[in-house]
Amino acid sequence: MSESAVPTEADRRQWARYLVEERAEGAVYSRLAGRREGEEREILLGLADAERRHEQHWLTLLGGEEPARLPKAGLRSRMLGWMAGRFGSIFVLALAQSAEARSPYDAEVHATAAMRADEKVHHEVVRGLAARGRRRLSGSFRAAVFGANDGLVSNLALVLGIGATGVGSGLVLFSGIAGLLAGALSMGAGEFVSVRSQRELLASTEESGDADAAAGDLDIDENELALVYRARGMSEQESLARATRVVAAAQAGIRRDVTGPIGVHGDHDIVGRDWTAALSSFLLFASGAIVPVLPWLFGMSGTGAIILALVLVGVALLGTGAMVGILSGGPPLKRALRQLAIGFGAAAVTYALGLVFGVGAV
């Protein structure tokens, strides 16, 4: 249809849908901007302004006035709008990244070339913002997924393997609780040792400041203070210039702050605290490991308990897999099914071993 042709009712309905979608997307970015500061806030407000330009384009095609009845925005847009006001921006931006990747304007003759280009740029902008959030979240998120998933899979494998041998439900429950405590304590102890060792290693690499304290007694023309700075990672030219300034200031009786950005003083905060890391690992593993034990904990036994444990763990594995998919910008369903297959695969092996070495075969 040419631009001068009279639009059909189908065209007008489609334009109205585009209008509400652009309005919904602009509201998402505006809400996210309200939760951010500085540069990220400005970027999000810029995206919201662009969505309003697109909204105005469809409004102009509709005659400059909104139709009496507008359709509802799509489920994805409404969900993003709801999440934008309640959750951290990383989850919303990860979903928005997937949405922006599928522009509806590529085959839309009534969208301008600038709008099609805008959508591609928006995808890259949202990808960049989401990447910032992923970098901030990557360490803690990895630990949370690993801990909870490890608890789910290992304890499911344990209780299924024990249950398949035909022993009583009491022994299965005891094994599950023992596995929970053993795994959680092992995770907590391992994390404690890891973080404590890393902090001790960092502490041993910190500069002592002894050489700087003696700078006033050095010969300004011949001294090894520059070698100290070179050993800490500065270039030869920077080291010489800094050594000269420090010695001259010390001999003049001026005390200077000679610590530089090359030290590791701030690395302790990045590594974290040993007891906090240990407790977090303990709780994360235990939160996953308790799930497969729940049927026996509430008095179930036999095949019914096994089936319910599989269902509960399956739902949890699908949830963690989908979360990984959302935050990584990938398809949530694919990640969820992969997580489920890995978890159930491990459990199937131990269940088969339990059947082979079960009490009924003795």
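Modeller: Start with R36 and E40: they form a salt bridge, with the closest N and O atoms 3.1 Å apart. The term covers a Lys or Arg side-chain nitrogen within 4 Å of a carboxyl oxygen of Asp or Glu. Bear in mind that this is a predicted model, so local features need pLDDT of at least 70 and side-chain atom pairs pLDDT 80 or more, while totals for chains, interfaces and linings use all residues. Numbering runs from 1 along each chain as its sequence is written, and side-chain values use heavy atoms, with hydrogens and water left out.

R36 is partly exposed, at 24% relative accessible area, whereas E40 is buried at 9%. Here buried is under 20%, exposed is over 50% and partly exposed is in between, using a 1.4 Å probe and protein chains only.

Next along is the pair R52 and D49, whose side chains meet in a salt bridge at 2.3 Å, N to O. Both are in helix α2, which spans residues 38-61, and they are about one helical turn from each other because 3 residues separate them. Helices are DSSP runs of H or I with at least four residues, strands are E runs of at least two, and numbering goes from the N terminus. R52 is partly exposed at 41%, and D49 counts as partly exposed too, at 38%.

Then take R53, which makes a salt bridge with D118 at 3.6 Å, again N to O. Altogether, the salt-bridge count comes to 6.

W58 is buried at 0% relative accessibility. Put together, ring pairs link Y18, W58 and Y105 into a cluster. For the labels, Phe, Tyr and Trp rings (the six-membered ring for Trp) pair when their centres are within 6.5 Å; planes under 30 degrees apart are stacked, over 60 edge-to-face and the rest tilted.

Follow the chain past α5 and you reach T165, in the loop between α5 and α6 (169-205). T165 counts as buried, at 16% relative accessibility. A polar atom of the T165 side chain lies 2.5 Å from the backbone oxygen of I162.

I177, L181, L185, L297 and F298 make a nonpolar surface patch of about 500 Å². Helix α6 gives the largest share, 3 residues. L181 is found in α6 and counts as partly exposed, at 41% relative accessibility. Patch residues have over 30% relative accessible area and no salt bridge, with like charges joined within 9 Å and nonpolar side chains (Val, Leu, Ile, Met, Phe, Trp, Tyr) within 5 Å.

To set all this in context, the protein chain has 14 helices and 0 strands, so α-α-α-α-α-α-α-α-α-α-α-α-α-α is the pattern along the sequence. Of its 362 residues, 37% count as buried. The accessible surface of the chain comes to about 20100 Å², and 61% of that belongs to carbon and sulfur atoms. Those areas come from the Shrake-Rupley method with a 1.4 Å probe; for residues, only the protein chains shown count as cover.

How values were computed. Polar contact = N/O pair within 3.5 Å; in protein donor to acceptor, adjacent residues only side chain to side chain.
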